[in-house]
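Here are my notes for you to read alongside the model. Take the points one at a time and find each residue as you go.

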Amino acid sequence: MPRHAHYVPHGVIPAVLLPFFDDLSIDEKSFRKHLRDVAATDGISAITINAHSTEVASCSFEEQRRVLAIAQDEIGGRLPLVNGIWADGSLEAARIARMAEEGGASALLVFPPAPFTLQQSPAMAVEHLPIIAFQYPLATGQGYPRDTLLKMVEAVPTIRAIKDWAGNVPQHEMHIRELQSLSRPVNVLSTHSAWLFSSLVLGCNGLLSGSGSVIPDLQAALFKAVQGNELAEARRLNDRIYPLAQVFYADPWVDMHNRMKEALVLLGRLPRAVVRPPLVKLSRAEIDRIRAALVEAGMLSKAARDAA
(Lines give C-alpha, C1' and ligand atoms only; values in the text may rest on other atoms or scores of the structure.)
Protein backbone atom coordinates (compact mmCIF):
# COMPACT_ATOMS: atom_id res chain seq x y z
CA MET A 1 0.00 0.00 0.00
CA PRO A 2 1.16 3.59 -0.57
CA ARG A 3 2.80 5.24 2.40
CA HIS A 4 0.61 8.30 1.92
CA ALA A 5 -2.90 6.84 1.94
CA HIS A 6 -5.86 8.86 0.59
CA TYR A 7 -3.51 11.19 -1.28
CA VAL A 8 -5.18 13.74 -3.56
CA PRO A 9 -2.73 15.33 -6.03
CA HIS A 10 -2.54 19.08 -5.45
CA GLY A 11 -0.10 21.91 -4.91
CA VAL A 12 3.46 22.07 -6.22
CA ILE A 13 4.74 18.75 -7.58
CA PRO A 14 8.23 18.88 -9.12
CA ALA A 15 9.13 16.20 -11.65
CA VAL A 16 12.75 15.27 -10.98
CA LEU A 17 15.54 14.50 -13.45
CA LEU A 18 17.51 11.25 -13.76
CA PRO A 19 21.31 11.61 -13.84
CA PHE A 20 23.42 9.22 -15.93
CA PHE A 21 27.08 8.29 -16.09
CA ASP A 22 28.98 8.75 -19.35
CA ASP A 23 28.26 5.09 -20.18
CA LEU A 24 24.52 5.95 -19.95
CA SER A 25 23.91 3.89 -16.80
CA ILE A 26 21.95 5.49 -13.95
CA ASP A 27 24.06 7.52 -11.53
CA GLU A 28 22.28 6.45 -8.35
CA LYS A 29 24.38 8.56 -5.98
CA SER A 30 23.64 11.76 -7.91
CA PHE A 31 19.97 10.81 -8.22
CA ARG A 32 19.69 10.37 -4.47
CA LYS A 33 21.26 13.79 -3.89
CA HIS A 34 18.96 15.38 -6.47
CA LEU A 35 15.92 13.85 -4.78
CA ARG A 36 17.04 15.14 -1.38
CA ASP A 37 17.73 18.62 -2.77
CA VAL A 38 14.28 18.96 -4.35
CA ALA A 39 12.43 17.31 -1.46
CA ALA A 40 13.99 19.75 1.01
CA THR A 41 12.07 22.63 -0.59
CA ASP A 42 9.40 24.22 1.57
CA GLY A 43 5.96 24.28 0.00
CA ILE A 44 6.05 21.25 -2.30
CA SER A 45 3.42 18.54 -1.91
CA ALA A 46 4.82 15.53 -3.80
CA ILE A 47 7.53 14.40 -6.24
CA THR A 48 7.02 12.87 -9.69
CA ILE A 49 9.29 10.13 -11.05
CA ASN A 50 9.33 7.88 -14.13
CA ALA A 51 7.97 10.66 -16.33
CA HIS A 52 9.20 12.84 -19.20
CA SER A 53 11.76 14.49 -16.94
CA THR A 54 13.42 11.18 -16.03
CA GLU A 55 13.58 10.18 -19.71
CA VAL A 56 11.17 7.34 -18.98
CA ALA A 57 10.83 6.44 -22.67
CA SER A 58 14.53 5.48 -22.62
CA CYS A 59 14.32 3.48 -19.37
CA SER A 60 13.61 -0.23 -19.08
CA PHE A 61 10.94 -1.67 -16.81
CA GLU A 62 13.59 -2.75 -14.30
CA GLU A 63 15.17 0.71 -14.36
CA GLN A 64 11.78 2.27 -13.66
CA ARG A 65 11.34 -0.12 -10.75
CA ARG A 66 14.77 0.88 -9.44
CA VAL A 67 14.01 4.60 -9.79
CA LEU A 68 10.89 4.13 -7.66
CA ALA A 69 12.79 2.07 -5.08
CA ILE A 70 15.51 4.73 -4.76
CA ALA A 71 12.92 7.49 -4.43
CA GLN A 72 11.04 5.54 -1.76
CA ASP A 73 14.26 4.94 0.13
CA GLU A 74 15.33 8.59 0.03
CA ILE A 75 12.12 10.60 0.38
CA GLY A 76 9.10 8.27 0.37
CA GLY A 77 8.60 8.65 4.10
CA ARG A 78 8.29 12.42 3.75
CA LEU A 79 6.49 13.06 0.47
CA PRO A 80 4.02 11.20 -1.76
CA LEU A 81 5.51 9.82 -4.96
CA VAL A 82 3.69 10.14 -8.27
CA ASN A 83 4.83 7.39 -10.65
CA GLY A 84 4.45 7.80 -14.40
CA ILE A 85 2.80 5.08 -16.50
CA TRP A 86 4.38 5.28 -19.94
CA ALA A 87 3.35 2.46 -22.29
CA ASP A 88 1.80 2.09 -25.71
CA GLY A 89 -0.14 -1.05 -24.78
CA SER A 90 -2.63 -1.59 -21.98
CA LEU A 91 -1.01 -4.82 -20.79
CA GLU A 92 2.34 -3.14 -20.26
CA ALA A 93 0.63 -0.16 -18.64
CA ALA A 94 -1.07 -2.54 -16.22
CA ARG A 95 2.26 -4.23 -15.45
CA ILE A 96 3.89 -0.88 -14.67
CA ALA A 97 0.87 0.15 -12.57
CA ARG A 98 1.14 -3.03 -10.49
CA MET A 99 4.86 -2.42 -10.02
CA ALA A 100 4.15 1.15 -8.91
CA GLU A 101 1.52 0.01 -6.44
CA GLU A 102 3.79 -2.66 -5.00
CA GLY A 103 6.62 -0.12 -4.78
CA GLY A 104 4.51 2.24 -2.67
CA ALA A 105 3.62 4.98 -5.17
CA SER A 106 0.86 7.28 -3.94
CA ALA A 107 -0.55 8.15 -7.38
CA LEU A 108 -0.17 7.26 -11.04
CA LEU A 109 0.48 9.78 -13.81
CA VAL A 110 -1.00 8.06 -16.86
CA PHE A 111 0.41 9.11 -20.23
CA PRO A 112 -1.71 8.63 -23.36
CA PRO A 113 -0.60 5.73 -25.59
CA ALA A 114 1.40 7.21 -28.46
CA PRO A 115 0.11 5.13 -31.41
CA PHE A 116 -3.57 5.75 -30.70
CA THR A 117 -5.93 8.70 -30.67
CA LEU A 118 -8.06 8.78 -27.55
CA GLN A 119 -11.82 8.76 -27.87
CA GLN A 120 -12.87 6.36 -25.13
CA SER A 121 -12.22 6.17 -21.42
CA PRO A 122 -9.41 3.76 -20.47
CA ALA A 123 -9.81 0.77 -18.16
CA MET A 124 -7.32 1.23 -15.37
CA ALA A 125 -5.57 -1.69 -13.70
CA VAL A 126 -5.16 -0.26 -10.21
CA GLU A 127 -8.56 1.03 -9.19
CA HIS A 128 -7.75 2.23 -5.68
CA LEU A 129 -4.69 4.40 -6.45
CA PRO A 130 -5.35 8.05 -7.30
CA ILE A 131 -4.78 8.75 -10.98
CA ILE A 132 -3.53 11.88 -12.71
CA ALA A 133 -4.61 11.84 -16.37
CA PHE A 134 -2.14 13.59 -18.66
CA GLN A 135 -4.04 15.95 -20.96
CA TYR A 136 -2.11 16.54 -24.20
CA PRO A 137 -2.97 19.26 -26.75
CA LEU A 138 -5.89 18.18 -28.91
CA ALA A 139 -3.84 18.93 -32.04
CA THR A 140 -1.54 16.00 -31.22
CA GLY A 141 -4.40 13.52 -31.58
CA GLN A 142 -3.63 12.30 -28.07
CA GLY A 143 -5.63 14.84 -26.08
CA TYR A 144 -8.99 14.10 -24.51
CA PRO A 145 -11.92 16.11 -25.95
CA ARG A 146 -14.12 17.73 -23.30
CA ASP A 147 -16.89 15.12 -23.43
CA THR A 148 -14.41 12.25 -23.33
CA LEU A 149 -12.63 13.80 -20.36
CA LEU A 150 -15.89 14.20 -18.44
CA LYS A 151 -16.92 10.61 -19.26
CA MET A 152 -13.54 9.36 -18.06
CA VAL A 153 -13.89 11.22 -14.77
CA GLU A 154 -17.36 9.77 -14.28
CA ALA A 155 -16.33 6.22 -15.23
CA VAL A 156 -13.02 6.10 -13.37
CA PRO A 157 -13.56 7.40 -9.82
CA THR A 158 -9.84 7.22 -9.02
CA ILE A 159 -9.08 10.06 -11.43
CA ARG A 160 -8.34 12.81 -8.93
CA ALA A 161 -6.43 15.26 -11.14
CA ILE A 162 -5.29 16.05 -14.64
CA LYS A 163 -1.85 17.23 -15.66
CA ASP A 164 -2.99 19.91 -18.06
CA TRP A 165 -0.85 20.50 -21.14
CA ALA A 166 -3.75 21.62 -23.33
CA GLY A 167 -1.64 24.50 -24.66
CA ASN A 168 -4.80 26.48 -25.28
CA VAL A 169 -5.88 29.14 -22.79
CA PRO A 170 -9.68 28.88 -23.27
CA GLN A 171 -9.53 25.08 -23.05
CA HIS A 172 -7.27 25.28 -20.00
CA GLU A 173 -9.68 27.68 -18.28
CA MET A 174 -12.61 25.40 -19.15
CA HIS A 175 -10.81 22.48 -17.51
CA ILE A 176 -10.25 24.53 -14.35
CA ARG A 177 -13.82 25.80 -14.13
CA GLU A 178 -15.55 22.52 -14.95
CA LEU A 179 -13.35 19.83 -13.42
CA GLN A 180 -12.66 21.57 -10.12
CA SER A 181 -16.39 22.32 -9.70
CA LEU A 182 -17.65 18.76 -10.17
CA SER A 183 -19.52 17.05 -7.34
CA ARG A 184 -16.36 14.95 -7.05
CA PRO A 185 -13.77 17.63 -7.88
CA VAL A 186 -10.81 16.81 -10.12
CA ASN A 187 -7.81 19.07 -9.54
CA VAL A 188 -6.15 20.72 -12.51
CA LEU A 189 -2.36 20.60 -12.20
CA SER A 190 -0.81 23.01 -14.67
CA THR A 191 2.17 21.89 -16.69
CA HIS A 192 2.15 25.09 -18.74
CA SER A 193 5.56 25.93 -17.33
CA ALA A 194 6.41 28.29 -20.20
CA TRP A 195 3.59 30.57 -18.98
CA LEU A 196 3.07 29.35 -15.43
CA PHE A 197 2.04 32.66 -13.87
CA SER A 198 -0.69 33.19 -16.47
CA SER A 199 -1.90 29.63 -15.96
CA LEU A 200 -2.00 29.73 -12.17
CA VAL A 201 -4.03 32.94 -11.99
CA LEU A 202 -6.85 31.12 -13.77
CA GLY A 203 -7.30 29.06 -10.61
CA CYS A 204 -5.35 25.80 -10.95
CA ASN A 205 -5.21 23.81 -7.72
CA GLY A 206 -1.62 22.84 -8.40
CA LEU A 207 1.22 22.39 -10.87
CA LEU A 208 3.35 19.48 -12.02
CA SER A 209 6.52 20.62 -13.73
CA GLY A 210 9.89 19.35 -14.84
CA SER A 211 11.40 22.78 -14.28
CA GLY A 212 10.56 22.20 -10.64
CA SER A 213 13.69 20.05 -10.66
CA VAL A 214 15.65 23.31 -10.95
CA ILE A 215 13.40 25.97 -9.39
CA PRO A 216 11.11 24.21 -6.90
CA ASP A 217 11.53 27.10 -4.47
CA LEU A 218 10.45 29.74 -7.02
CA GLN A 219 7.49 27.63 -8.14
CA ALA A 220 6.36 27.02 -4.56
CA ALA A 221 6.65 30.72 -3.77
CA LEU A 222 4.76 31.68 -6.93
CA PHE A 223 1.96 29.22 -6.20
CA LYS A 224 1.67 30.52 -2.64
CA ALA A 225 1.58 34.13 -3.81
CA VAL A 226 -1.12 33.44 -6.40
CA GLN A 227 -3.19 31.46 -3.90
CA GLY A 228 -2.91 34.37 -1.47
CA ASN A 229 -3.87 36.96 -4.11
CA GLU A 230 -0.50 38.65 -3.64
CA LEU A 231 -0.27 39.88 -7.22
CA ALA A 232 2.77 42.13 -6.85
CA GLU A 233 4.80 39.35 -5.24
CA ALA A 234 3.64 36.88 -7.88
CA ARG A 235 4.77 39.24 -10.63
CA ARG A 236 8.15 39.70 -8.96
CA LEU A 237 8.63 35.94 -8.79
CA ASN A 238 7.48 35.53 -12.36
CA ASP A 239 10.09 38.06 -13.47
CA ARG A 240 12.73 35.71 -12.05
CA ILE A 241 11.18 32.58 -13.57
CA TYR A 242 10.63 34.13 -17.02
CA PRO A 243 14.23 34.02 -18.36
CA LEU A 244 14.53 30.37 -17.35
CA ALA A 245 11.21 29.48 -18.96
CA GLN A 246 12.43 31.17 -22.14
CA VAL A 247 15.54 28.98 -22.38
CA PHE A 248 14.08 25.73 -20.99
CA TYR A 249 11.06 25.72 -23.31
CA ALA A 250 12.63 27.09 -26.47
CA ASP A 251 12.43 25.10 -29.70
CA PRO A 252 13.06 22.23 -29.98
CA TRP A 253 10.96 21.60 -26.87
CA VAL A 254 12.18 17.97 -26.64
CA ASP A 255 15.44 19.37 -25.22
CA MET A 256 13.70 20.94 -22.21
CA HIS A 257 14.94 18.41 -19.64
CA ASN A 258 18.34 18.27 -21.32
CA ARG A 259 18.57 22.02 -20.64
CA MET A 260 17.48 21.54 -17.04
CA LYS A 261 20.29 19.06 -16.49
CA GLU A 262 22.76 21.58 -17.85
CA ALA A 263 21.33 24.20 -15.48
CA LEU A 264 21.88 21.90 -12.49
CA VAL A 265 25.48 21.31 -13.60
CA LEU A 266 26.04 25.07 -13.83
CA LEU A 267 24.57 25.42 -10.32
CA GLY A 268 26.84 22.68 -8.99
CA ARG A 269 23.94 20.36 -8.17
CA LEU A 270 24.77 17.62 -10.72
CA PRO A 271 28.23 16.44 -11.81
CA ARG A 272 27.36 16.03 -15.50
CA ALA A 273 24.49 16.53 -17.96
CA VAL A 274 24.38 13.20 -19.78
CA VAL A 275 21.21 12.30 -21.68
CA ARG A 276 20.25 9.07 -23.39
CA PRO A 277 19.80 8.86 -27.17
CA PRO A 278 18.02 10.07 -29.20
CA LEU A 279 18.71 13.21 -27.12
CA VAL A 280 22.14 14.74 -27.70
CA LYS A 281 24.50 17.06 -25.83
CA LEU A 282 23.65 20.74 -26.13
CA SER A 283 25.92 23.17 -27.94
CA ARG A 284 28.24 25.48 -26.03
CA ALA A 285 26.21 28.47 -27.27
CA GLU A 286 23.01 27.04 -25.79
CA ILE A 287 24.70 26.26 -22.49
CA ASP A 288 25.89 29.86 -22.41
CA ARG A 289 22.28 31.01 -22.86
CA ILE A 290 21.23 28.83 -19.92
CA ARG A 291 24.03 30.32 -17.81
CA ALA A 292 22.89 33.86 -18.70
CA ALA A 293 19.29 32.99 -17.77
CA LEU A 294 20.42 31.67 -14.39
CA VAL A 295 22.23 34.96 -13.78
CA GLU A 296 19.15 36.97 -14.77
CA ALA A 297 17.02 34.83 -12.44
CA GLY A 298 19.35 35.60 -9.55
CA MET A 299 20.47 31.98 -9.20
CA LEU A 300 24.03 32.38 -10.44
CA SER A 301 26.39 35.28 -9.85
CA LYS A 302 27.73 37.40 -12.68
CA ALA A 303 31.21 36.58 -11.42
CA ALA A 304 30.53 32.89 -12.00
CA ARG A 305 29.28 33.65 -15.49
CA ASP A 306 32.30 35.77 -16.31
CA ALA A 307 34.68 33.15 -14.92
CA ALA A 308 33.13 30.57 -17.25
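1. Let's start with Asn-229, which is exposed because its relative accessible area is 71% (exposed means over 50%, buried under 20%, and partly exposed in between, using a 1.4 Å probe and protein chains only). You'll find Asn-229 in the loop between helix H7 (216-227) and H8. Its phi is near 55 degrees, a positive value in a residue other than glycine.

2. A quick word on ground rules. This is a predicted model, so local features need pLDDT of at least 70 and side-chain atom pairs count only at pLDDT 80 or more, while totals for chains, interfaces and linings use all residues. Residues are numbered from 1 along each chain as its sequence is written, and side-chain values use heavy atoms, with hydrogens and water left out. As for the labels, helices (H or I, at least four residues) and strands (E, at least two) are DSSP runs, numbered from the N terminus.

3. Now look at the loop between strand S1 (11-14) and helix H1 (28-39), where Ser-25 sits. Leu-24 is in the loop between S1 and H1 too, and has a positive phi of about 75 degrees although it is not a glycine. Leu-24 counts as partly exposed, at 29% relative accessibility, and Ser-25 is partly exposed at 29% as well. Ile-26, however, is buried, with a relative accessible area of 16%.

4. Which aromatic residues form one cluster? They are Trp-86, Phe-111, Phe-134, Tyr-136, Trp-165 and Trp-253. The structure holds 7 aromatic pairs (rings of Phe, Tyr and Trp, taking the six-membered ring of Trp, pair if their centres lie within 6.5 Å; planes under 30 degrees apart are stacked, over 60 edge-to-face, and the rest tilted). In one of them, the rings of Phe-111 and Phe-134 have centres 5.1 Å apart and planes at 55 degrees, so this pair is tilted. Phe-111 lies in the loop between strand S4 (107-110) and strand S5 (131-135) and Phe-134 in strand S5, so the pair ties together parts that are 23 residues apart in sequence. Both Phe-111 and Phe-134 are buried.

5. Next, a helix pair. Helix H2 (residues 61-75) and helix H3 (residues 90-102) pack at an angle of about 25 degrees, with their axes 10 Å apart (axes are lines fitted to C-alpha atoms, for helices over the stretch in contact, and angles run from 0 to 180 degrees between N-to-C directions). That makes H2 roughly parallel to H3 (under 35 degrees is roughly parallel, over 145 roughly antiparallel, 65 to 115 roughly perpendicular, and the rest oblique).

6. Compare that with helix H8 (residues 231-248) and H10, which pack at an angle of about 165 degrees with their axes 8 Å apart. H8 and H10 are therefore roughly antiparallel to each other.

7. H10 itself (residues 284-296) has 13 residues and reaches 18 Å from its first C-alpha to its last, close to the 18 Å expected at 1.5 Å a residue. Among its buried residues are Ile-287, Ile-290 and Leu-294. After H10 comes Gly-298, with a positive phi near 80 degrees.

8. Last, where are the cis peptide bonds? One runs from Asp-251 to Pro-252, with omega near -10 degrees, and Pro-252 lies in the loop between H8 and helix H9 (256-266). Another runs from Pro-277 to Pro-278, with omega near 15 degrees, and Pro-278 is in the loop between H9 and H10.

Notes. Expected span 1.5 Å × (residues − 1).
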